[in-house]
Amino acid sequence: MNAVLAPEPMIFVDLETSGANFANDRIIEVGLIEVDENGAQEWSVLVNPETPLSPFISGLTGIDDAMLCSAPTFSATRAGTARPAARSPAHRP
C-alpha cells in the first residue's frame, strides 16, 4: 500500500437502495472494499427489501426482484456486514 495515499487501512462502503426516501425505501445491496497493505478486497451481499422494486430502480441498479427473493433481509445481514468492517481501525465497538 502506498503510505502517501493511504497511511491506514480504509474501507469504502457502497449501498444500493430501493429509492431515495429513507422513511420508506430499503437497502437492497451492501458493498465494501477494504484497501490495506495487501491490496484491495471486495465483499458484497444482496438484501431482500421485503417489497417489490420499481422498474426504475431495477433499470438503474441492474438488480431485480428475482435476484432479491432468496436474499437475506437486512436484519439477517447486519452481523455479516459488521464482520469485515470490524478489522478497520475506524471501527469502535
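The legends below describe an overall view and several close-up views of one predicted model.

Local features are given only at pLDDT of at least 70 and side-chain atom pairs only at pLDDT 80 or more, while totals for chains, interfaces and linings use all residues. Residues are numbered from 1 along each chain as its sequence is written, and side-chain values use heavy atoms, with hydrogens and water left out.

**Figure 1. The protein chain has three helices and three strands.** Helices (H or I, at least four residues) and strands (E, at least two) are DSSP runs, numbered from the N terminus. Along the sequence the order is β-β-β-α-α-α. Of the 93 residues, 24% are buried; buried means under 20% relative accessible area, exposed means over 50%, and partly exposed lies in between (1.4 Å probe, protein chains only). The chain exposes about 6,300 Å², of which carbon and sulfur atoms supply 58%. Accessible areas come from the Shrake-Rupley method with a 1.4 Å probe, and for residues only the protein chains shown count as cover. Among contacts (heavy atoms within 4.5 Å) with a separation of 6 or more, 40% join residues 24 or more positions apart.

**Figure 2. Five residues form the largest nonpolar core.** They are Ile28, Leu53, Ile57, Ile63 and Leu68. A nonpolar core is a set of buried Ala, Val, Leu, Ile, Met, Phe, Trp, Tyr and Cys residues joined through side-chain atoms within 4.5 Å. Leaving aside residues up to four places away in sequence, Ile63 touches Glu16, Ile28, Glu29, Leu46, Leu53, Ser58 and Leu68.

**Figure 3. Met10, Phe12 and Ile33 make a nonpolar surface patch.** The area of the patch is about 250 Å². Patches are made of residues with over 30% relative accessible area and no salt bridge; like charges are joined within 9 Å, and nonpolar side chains (Val, Leu, Ile, Met, Phe, Trp, Tyr) within 5 Å. A salt bridge is a side-chain nitrogen of Lys or Arg within 4 Å of a carboxyl oxygen of Asp or Glu. Ile33 lies in strand β2, residues 27–36, and counts as partly exposed because its relative accessibility is 35%.

**Figure 4. Glu50 has a positive phi although it is not a glycine.** The angle is about 60 degrees. Glu50 sits in the loop between β3 (39–46) and α1 (55–61). Its relative accessible area is 60%, so Glu50 is exposed.

**Figure 5. Glu8 and Glu37 are 8.7 Å apart in space, C-alpha to C-alpha.** In sequence, 29 residues separate the two. Glu8 belongs to the segment before β1 (10–17). Glu8 is partly exposed because its relative accessible area is 48%.
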